[in-house]
Structures are given as C-alpha cells and as structure tokens.
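Hi there,

Here is the structure I promised to pass on. Have a look at it first, and my notes follow below.

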Amino acid sequence: MQNARLLTTKRLEHNIMKRTIIAIISLVYAISCTAQFDKYFSNQTLRVDYYRDGCKGKETIRFKNFIAKPGEWAGSTTHLIDPFNYGAHRVMVVDATTKTPLYSRTYNSLYHEYIATEKGEKKVKKFEETVLIPYPKQAVDIQIQSRDKDWAFTTLETFHFDPSSTKVEKVNNQVEVRKLHHSGNPHNKVDIAIVADGYSINDTAKMRKDFATFVSGIVKYKPFSQHKEDINVWGVAAISEDSGITNPLKKKYLKTAVGSTFNSFEIDRYIMTFEIHTMHDVLQHCPYDHIIVMSNTDTYGGGAIYNFYADVTTGDQAMFTVTHELGHLFGGLADEYVDPGVTYNDIHDLTREPLEPNITTLVNFDEKWKHLVEEGVPVPTPIKKEYLKKVGAFEGGGYQAKGIYRPMVRCMMNTGGNFCPVCVEALEKMFKIYTE
Ligand SMILES: [Zn+2]
C-alpha cells in the first residue's frame, strides 16, 4: 500500500515535471516566434487587393492596391507559416533580399469554385480577391501562388512592398462594429466577423436578433462549444438601401451592403457575394480572421470558402447552417455528402489524397484518420448497423459517389448532428494556430 502510494506520488511528481517542461518549451517557442514577428512586422494590418481572372487551367493575377487597415493585427504572432496547406492558393511573404519565408496562409477562392463548373471550363471570368498580412517593417515580396498540376505551389505574381516608398491607400468607411461575444486580445483568439447584408434602416431590430442567433450557432456544437473563450465574435452593422438579397431566378436585384446573391454559379441555394473588395471595406474597423456574411432572407441557403468567407441566410436553419459553413471556412473541411443537385463535375483526383482532412481516396489513409478507426472495423466500411456509430471509411463524400470515402455515416459536414471525431480532431488542431 505504502509502495503503491509512493509510486503514485513519484508518478505525480514526474507528471508535474513533464507538464512544467512542456509549458516551458511552449513558452520559449512562443517568445522566440513573437520575436520573429516583432523583427519583421509591426502590430498592424496590410490589406492587399487584386483580381484573379481565368478559367480552368488559365489563371492570371492583377494587382489593384495596398490598403492600411486601422487597428491591431488580429492574426497570430506565433504561427506565422501555415502548417496545414489545405488551400488551393497561398499568399507567401518573403524577405525581399534573402527570400526567407516570413508569413504564409493558404485559402480557396470563388475562382477555385468556378473552374469546377461547366462554364468555368472555358469562359474567362474576373474575380476580386483580398489577403491580409501583418504590416511589414522592411521590404518584402508578396507572392500570390496556386497549385500546379502536381499540386506544388507556384508563384503567379509577386507584389513588391517597401514600407518606406510603396503607395498605400486608406479606406473611408464608418460602419458600426459591435462586440457580440468578447473573450480577449485578437492575437490569440479566433476573430469571427459577422457582416449584416440586406438590412435596411427598418430592419435594425431583426439585425440584433439575427446577430444573437448566429452567435448561438457559432458556439453551440463541439468543439466550438468547448472553445467559447477562444472566440471573439464581432457584429458589423452595415445598413443596406434595400431589405433582403438579390435573387436572379426571381429577377429581384437589390442594392445591399456587400451584394449577396442567390444562385451563385447557377446553384439556386448557393448564396455568395462577388463584391470581395467592398466586403473588406465594410470590415475596415473590425479585427477579423474570418468573415461570415449574414444575409437577410429566411429562405434556407449559404456557402463557404476556406479562409476566404462564408455567406449564411437567417431563418429557422441559421444555427445549423452557420456551424456547417464554419466547418468549411475555419476548418478547411469538405462536405461529406453526395448531392446530385450540385452541378460540379468530378472534382477529385482519385490518384492522390484530397487536401481536406475529412475525406479520403484511401491512397494514403495512414496520413488521414486511420489512427481513429477501431480494430475490427473494416476499411472501406460497409453501411451496416454495427458500424453506424463507428469511425471508418464509408464510400461517398465530397459530392462524389465513388472513390471518395467519409469518416462516419452522420456528421455536421453531412446531414447534420455533431461533428464526427475526424472533423473534431481537425478543428482542434486549427484552434491551436489561433490561440497558442
Ligand atoms: Zn466529419
């Protein structure tokens, strides 16, 4: 008994020591990363606006302008290089002289969605894009990159920026920003901005109510519910000339703050805005890592693009939709469903693993979620009663019925309910990038 207690005490001491060492290592890591940040960047934001023109296999970047965004840098000061690379595009900031990488983030785009549609095969279309980077203290090259046919990043265009000589614009926008859910300093929080769209001056009471519904949705499901204190939610109370949003199928064209519209890429309930530069203008005085446009219509709909923005309508399903879209926007998660109504062609290359963490071609399943599959569960996993609540690899996902596998029968990224353990694991890893 005595020995057992001694052993327990020793184990306890060992554990405390181990935890202390880990804490010290993390602290040293954070301090050295912050020193790296302070050496190259000041605590402000440089906004880079440009255009991406093209169709499938043909893509060009055109510079528009640099904008100094007021307020502090809302992103991380410790994780400067993107560890996940889930996106199809990347902004890479390098030292202009040594070419040392200083900051990177990957993201998807409207262009990336467009080239998966029939029109996008051949017809050139122009898209607006914006990236935010910490404000450089010395000359840098800002490389706008996309993946090549082997999925390696290649630079399409380089914007040179020298803080001592480059022309920087200012935006004059005074939209009211409200603290809807505040947890602390934007540096180590996930800052989500909700931008009101389609609210006229007569809709301010509904806007207040809808903001509250969206906040409830954002913190309702695990793991978001367990990270309430790691999240700030900001309400951007933009007032639109018209009430409601544009619906081309009903020949209803409205003047709204950021131009949300039904029928994006000819999918009825796919709601997006193409006015990306205006959207960032409206956000001028808000610190943000992620943008959710709140579209004032009670008709169900929405859409989200990883590290780019999401658009969600109000109404009965808003709480669920906002969480689902956050899975795409924040987590880089794929839809786990197959929907014959979605007009995409076969978008997955079955000879390699998709970039998203929650779908697999089984080409390299070890890299995906094999560690979460219990012994005795076969892979691929048949849809049988005994596996309905297990993690496996069920065929069908990412809009494709064959050759793509999803982790569970039910998930927030499919028909609803909670996030599956594979999605939770990916989201947890993402939280660390913002909060450490
Ligand atoms: Zn899932």
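Which residue stands opposite Val312 in β13? Before I get to that, please keep in mind that this is a predicted model.

The residue is Met294, which faces Val312 of β13. Met294 belongs to β11, residues 290-295, and this strand runs parallel to β13, with four bridges joining the two. Val312 also has Gly302 opposite it. β12 and β13 make a hairpin with three residues between them, and Asn307 in the turn has a positive phi of about 55°.

Five of the five residues of β13 (residues 309-313) are buried, so the strand is largely enclosed by the rest of the structure. In a regular strand, side chains alternate between the two faces of the sheet. Here, Tyr309, Asp311 and Thr313 point one way from β13, Ala310 and Val312 point the other way, and all are buried.

β11 is mostly covered as well, with six of its six residues buried. On one side sit His290, Ile292 and Met294, and on the other Ile291, Val293 and Ser295, so to speak a strand with both faces covered.

One further strand belongs in this picture: β9 (residues 190-197) pairs with β11 in the parallel sense over six bridges. Within that pairing, Ala193 stands opposite Ile291 of β11.

Happy browsing, and write back with any questions!

Best wishes

Definitions and conventions. Residues are numbered from 1 along each chain as its sequence is written. This is a predicted model: local features need pLDDT of at least 70, side-chain atom pairs count only at pLDDT 80 or more; totals for chains, interfaces and linings use all residues. Side-chain values use heavy atoms; hydrogens and water are left out. Buried means under 20% relative accessible area, exposed over 50%, partly exposed in between (1.4 Å probe, protein chains only). Two strands pair if DSSP finds at least two bridges between them.
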